[in-house]
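Please find below some notes for a colleague who has not seen this structure before. They are set out as numbered points, to be read beside the model.

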Amino acid sequence: MRGSFGAVIGKYPSSDGTVQMGGDGIIKHNRKCRDLVFLVIFIAFWVGMIVNSSFAFNQGNPLRLTYGLDYKGNVCGDRHGNPDIRGLEVRYWLNPNQVYQSGLKDSQFKLDNARSICLMDCPTLSEDSLNWVCDYPEGDVHLSVDNWIDKNYDYFADLSLELRNTSLQLLGPCYPVIFPSVNVYWSCQFIARASNVSLRNWQQMGGVSIVENILIDESIHKSINSRSSVLKRYVADVGKSWPVLIVCGGILPLFLSVVWLLMIRHFVAGMPWITVILFNVLMISFTMLYYLKAGWIGNSALSPIIGQHDPYYQTSTRELNHLRAVAVLMTAVMIASILASIAIVSRILMATSVLKVASKVIGEVRALIIFPVIPYTILAIFYMFWFSAALNLFSSGQVLENNCDSNCCVHELGLKRVSCDRCCGYSIHYTPHIGAAILFHLFGCYWATQFFKACSSTVIAGSVASYYWTRGETSPKIPFLPVFSSMKRLMRYSLGSVALGSLIVSFVGSSRFILEGIRRKSKVGTTVPESRIGMVAYHCSQFCRRCIDWILKSVNQNAYIMIAITGKGFFKASEMATELIISNIFRIGKVNVIGDVVLFLGKLCVSLASAVFAFLMLNTHKYNSAHNKISSPLFPVLVCWGLGYVVAALFFAVVEMSIDTIILSFCQDSDEHQGTAQYAPPLLIETLNDQNEMQRLTQ
């Protein structure tokens, strides 16, 4: 490469103005700290993350994501409630007429204001009499909560005549069990067919009329199936399945990634074939598991009902529809992946020659296989903290009594009278700053992940460059433990540049989703919009999205290589990397394209294996019954897939960065020495300087 920057790699001006060729000069020149402002910004950002998380731990309660609120504003199952209702996790609506009223189209009465209580299980109907569910014991009812539970929540027989009369008016403190109900995601879903025995006994006792209508069923079902309720359950699923996340999102991808690296080292010729075949097998298995949970194969369809229920009663929720949509999507992806695999079969041999480069480097610098354990450990600690804070942040908010204009009265045992001014229920109120805090927390996870991945890539690039540019010198020139030498240079000089690069990647990556949304809204079907404004928006979003893809590729790989080698700031390193790539575009493109495809498939193999094992773990009895039941495997599986991909990316960066650094170094070495690389190690020359391989790389 020629131009105003001179040679990028191979010679570098030292502090005294002379030019050093290769050797340690390229790595150990007089460096200085770069982009310190962005390192300060990154530190300030972490302070903000800690403050934001402290707010979450102080205000949040993950129980709110799963369980409802009772008539006192307690979260069901909360031991800190009033009274202590630990173990009472099922929400039951006491007054069926209020449930019916909340289902009317023009009614101002909402289900949140209907009187509800927390129980261990949904109440059962009596075969020959009338069962009751009474309010929490207080006031003149001298019972402990345990005794109240032992009496099946029924102390109607112990009430005074006055309290019995108010109960018959559906004013409490006791309410009749007229309708059968089933536990659907910890809420008692009424089945709108009243028990003839219970209803007859109620009428004989002089109770007020109770409406029997399908709206009693639909009103509760609508509440359980709302978008906000489904989202809360999805987030709660992640918290309940934390053992699965640790095993399938942390331990398993770590093991598989190390095995893959070892196989690349010792069995490089067969790894591209194994990777392609394994990828397709995992893709088919992953798709079939979605068919299984969607109910299209076998008898393991997702069920929203917890515990025993009437086999004739069936209910469907959004979670099942989401699984079916994902199953259809995965079918299309599976077919496309199989066809793509067939298309690249003829290029597998080229991938083998490319992977040999990394194999030889890993064989020389053995510490590279172990190094990713360091960023892996840091990220694992960060993710445990982040997920814990995220659960509390999503469940933060204030439990406040609703402002309702409903005309209703109820007997309050604590007040010892019928009150008509406190019949509103409770709900969780979210303030606008909570939404901003959630977005900040999500962006923080993305930036931190990119930062640690960038640090890892920079250390690897520095290690490989040190290996390459000292290979032509005597052995003492090679730094002892090049990985730790590269880590030292990163920590001392380049953290600011890495912070800047990861910040740009985070912002650019986030903007891709916005641009994709603009593109989809401005595009009708598969046609370009006819209006001028629509055409401009469509083409601009397309152009910007392609530029973003190129920037991400350049920043993620080559800029960090140049930072590690030259010690320059981020923007200068990006400029130098871009100029070097442009001058050797054909050589680099031929080498990288097919190799990157195989490496990408390898990452997908690790992440898909993590997702498949997560599916299998979540399909056990532990996560399909009672307290630990998850509403859907969708979110935990996606989280395991994402974590598996991040772990694989950390370890596979050893191969990717080795290839990219070696190729960039080799290209510049060849340019500076009339086509003959002087500093390439013999093992590397054996692979890249082979006449047939060079023809394949340069044609």
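1. Leu-391 sits in helix 13. The model is a predicted one, and in it the C-alpha atoms of Leu-391 and Ala-236 are 7.3 Å apart, although 155 residues separate the two in sequence. Leaving aside residues up to four places away in sequence, Leu-391 touches Pro-62, Leu-65, Val-235 and Gly-239.

2. Which residues lie closest to the centre of the second largest pocket? This pocket has a volume of about 740 Å³. It is lined by 32 residues, and the closest to its centre are Val-238, Gly-239, Trp-242, Leu-245 and Phe-387. Gly-239 is also one of the residues that Leu-391 touches.

3. The lining of the second largest pocket draws at least two residues from each of helix 7 (227-240), helix 8 (242-266), helix 13 (373-394) and helix 19 (634-672). Helix 13 gives the largest share, eight residues. By class, the lining residues of this pocket are 23 nonpolar, seven polar and two charged.

4. Helix 7 and helix 8 deserve a separate point. Two packed helices are described by the angle between their axes and the distance between the axes. For helix 7 and helix 8 the angle is about 65° and the axes are 5 Å apart. That angle makes helix 7 roughly perpendicular to helix 8, since the range that counts as roughly perpendicular is 65 to 115 degrees.

5. Where helix 7 meets helix 8, the residues on the helix 7 side are Val-238, Gly-239 and Lys-240, and those on the helix 8 side are Trp-242, Pro-243 and Leu-245. This contact of helix 7 with helix 8 has four nonpolar residues, one polar and one charged. Val-238, Gly-239, Trp-242 and Leu-245 were named above among the residues closest to the centre of the second largest pocket.

6. Helix 7 also packs against helix 10 (residues 318-343): their axes come within 10 Å and cross at roughly 70°. Helix 7 and helix 10 are therefore roughly perpendicular to each other. Arg-227, Val-230, Arg-233 and Tyr-234 of helix 7 make the contact with Arg-318, Glu-319 and His-322 of helix 10. The classes in the contact of helix 7 with helix 10 are two nonpolar, one polar and four charged residues.

7. How many disulfides are there? With the sulfur atoms of a pair required to be within 2.5 Å, the count comes to three disulfides. One of these is formed by Cys-76 and Cys-118, with their sulfur atoms 2.0 Å apart. The Cys-76 and Cys-118 link is left-handed, with -80° about the S-S bond. It joins distant parts of the chain, 42 residues apart: Cys-76 is in the loop between helix 1 (36-59) and strand 3 (90-93), while Cys-118 is in strand 4 (residues 116-119).

8. Most residues other than glycine have a negative phi, and most peptide bonds are trans. The bond from Asn-82 to Pro-83 is cis, with omega near 5°, and Pro-83 lies in the loop between helix 1 and strand 3. Cys-76 is in that loop as well. Gly-172 and Pro-173 are also joined by a cis peptide bond, with omega about 10°; Pro-173 is in the loop between helix 4 (161-168) and strand 6 (174-176).

9. Is the phi of Tyr-185 positive or negative? Tyr-185 is not a glycine, yet its phi is positive, about 50°. Tyr-185 lies in the loop between strand 7 (181-184) and strand 8 (187-190).

Conventions. Residues are numbered from 1 along each chain as its sequence is written. This is a predicted model: local features need pLDDT of at least 70, side-chain atom pairs count only at pLDDT 80 or more; totals for chains, interfaces and linings use all residues. Side-chain values use heavy atoms; hydrogens and water are left out. On a 1 Å grid over the protein atoms alone, a cavity is a set of points where a 1.4 Å probe fits but cannot get out, and a pocket is an open set with protein on both sides within 12 Å along at least five of seven lines; lining residues have an atom within 4 Å of a point. Grid points are joined across faces, edges and corners, and a volume is the space filled by probe spheres set on the points. Helices (H or I, at least four residues) and strands (E, at least two) are DSSP runs, numbered from the N terminus. Ala, Val, Leu, Ile, Met, Phe, Trp, Tyr, Cys and Pro count as nonpolar, Asp, Glu, Lys and Arg as charged, and the others, Gly among them, as polar. Axes are lines fitted to C-alpha atoms, for helices over the stretch in contact, and angles run from 0 to 180 degrees between N-to-C directions. Angles under 35 degrees count as roughly parallel, over 145 as roughly antiparallel, 65 to 115 as roughly perpendicular and the rest as oblique. Contact means heavy atoms within 4.5 Å.
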